[in-house]
Amino acid sequence: MAFTGFAQKDFDTFMIEGLDSRMEAIQERIQPKFREIGTELTEQLSGKLGMEMFLHIAKHARRTVNPPKDTWLAIASNKRGYKQHPHFQVGLFDDHLFIWLAYIYELPKKKEIAEGFLANYELLESTLPKNYFLSMDHMKKEAVTIGEADLSAALTRFRDVKKAEFLVGQQIPVGDPILSNGEALLSLIEETYETLLPIYKLSLEY
């Protein structure tokens, strides 16, 4: 069955009270869609990178009380996990969908990657479209466009602050018609990953 995109009901999942009820809705409404598009995206990335990539779907297993405010799929080069590796994400908050290339604080080589990015600053600057977004914390909704961001300061903070993160990509607000057009949305995600591939490849050198 063709991917039909995300509906308002999917985003409304994050309004459901209680950990168990919200997790049940995430598993029923959102995760099957993640599996569907994630399988295709993983195959695409594996082909483009010439290396095997693996799909991970957030389990939120550590949560015991507070229900998740967002959920996501991640694609990484490691079969066992993704948090300690550069990875691609697609996920939902209640008010937008995000498409990230993500470097989060668990990365063992976070400092080396940040230094590599700073050393190749012109590549990042020329690769990232001005209307793409930058986030320094995957747990928060806040993000600024590359055009508004101080990219150099963000990379320096990513290097020097233990909890600082570096996520670049796109955010699509609820209500944008592309969200409910599965084919168009999948194409946009693939195009976004394609744009970010030079940065991903650079980070593998460190």
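Good morning, colleagues. Please keep in mind throughout that the structure is a prediction.

I begin with helix α6, which runs over residues 182-203.

Let me place two residues here. Asn 181 sits in the loop between β7, residues 166-173, and α6. With a relative accessible area of 38%, Asn 181 is partly exposed, because that value falls between the limits of 20% and 50%. From Asn 181 to Phe 14 the C-alpha distance is 21 Å, for a sequence separation of 167 residues. Glu 183 belongs to helix α6 itself. Its relative accessibility is 66%, so Glu 183 counts as exposed. Between the C-alpha atoms of Glu 183 and Val 65 there are 36 Å, and along the chain the two residues are 118 apart.

How many cavities of 30 Å³ or more does the model contain? The count is one. The volume of this largest cavity is about 40 Å³. Which residues line it? They are Leu 41, Gln 44, Leu 45, Lys 48, Glu 190, Tyr 193 and Glu 194. Helix α2, residues 19-49, and helix α6 each supply at least two residues of this lining. The largest share, four residues, comes from α2. By class, the lining comprises three nonpolar residues, one polar residue and three charged residues.

Two of the lining residues, Lys 48 and Glu 194, lead us to the next topic. Side chains of opposite charge can pair when their charged atoms come close. Lys 48 and Glu 194 form a salt bridge, with 2.7 Å between the closest N and O atoms. This pair links distant parts of the chain, since Lys 48 lies in helix α2 and Glu 194 in helix α6, 146 residues apart.

In total, the model has five salt bridges. Another of them joins Asp 95 to Lys 141, where the closest N and O atoms are 3.4 Å apart. Here too distant parts of the chain are linked: Asp 95 is in the loop between β3 (87-92) and β4 (96-103), while Lys 141 is in the loop between β5 (133-135) and β6 (144-145), 46 residues away. Asp 95 has a relative accessibility of 36% and therefore counts as partly exposed. Lys 141, at 33%, is also partly exposed.

A further salt bridge connects Asp 160 with Arg 159, and its closest N and O atoms are 2.7 Å apart. Asp 160 is partly exposed at 48% relative accessibility, and Arg 159 is partly exposed at 27%. Finally on this topic, salt bridges that share partners join Asp 94, Asp 95 and Lys 141 into one network.

I close with the pockets. The largest pocket holds about 580 Å³ of space. Its lining consists of 19 residues, and those nearest its centre are His 60, Arg 62, Trp 72, Tyr 82 and Lys 83. Sorted by class, the lining has eight nonpolar, four polar and seven charged residues.

The second largest pocket has a volume of about 160 Å³. Among the residues that line it are Ser 77, Gln 84, His 85, Pro 86, Leu 107 and Pro 108. The list also includes Lys 109, Ile 113, Tyr 200, Ser 203, Leu 204 and Tyr 206. What is the make-up of this lining by class? It has seven nonpolar residues, four polar residues and one charged residue.

To summarise the contacts of helix α6: it supplies at least two residues of the cavity lining, as does α2, and its residue Glu 194 is joined by a salt bridge to Lys 48 of α2. Thank you for your attention.

Conventions. Residues numbered from 1 in each chain as written. Predicted model: local features only at pLDDT ≥ 70, side-chain atom pairs only at ≥ 80, totals over all residues. Heavy atoms only, no water. Expected span 1.5 Å × (residues − 1). Buried < 20%, exposed > 50% of the residue type's maximum accessible area, 1.4 Å probe, protein only. 1 Å grid on protein atoms, 1.4 Å probe; cavity = no way out; pocket = protein on both sides within 12 Å on 5 of 7 lines; lining within 4 Å. Points joined across faces, edges and corners; volume = space filled by probe spheres on them. Nonpolar A, V, L, I, M, F, W, Y, C, P; charged D, E, K, R; others polar. Salt bridge = Lys/Arg side-chain N within 4 Å of Asp/Glu carboxyl O.
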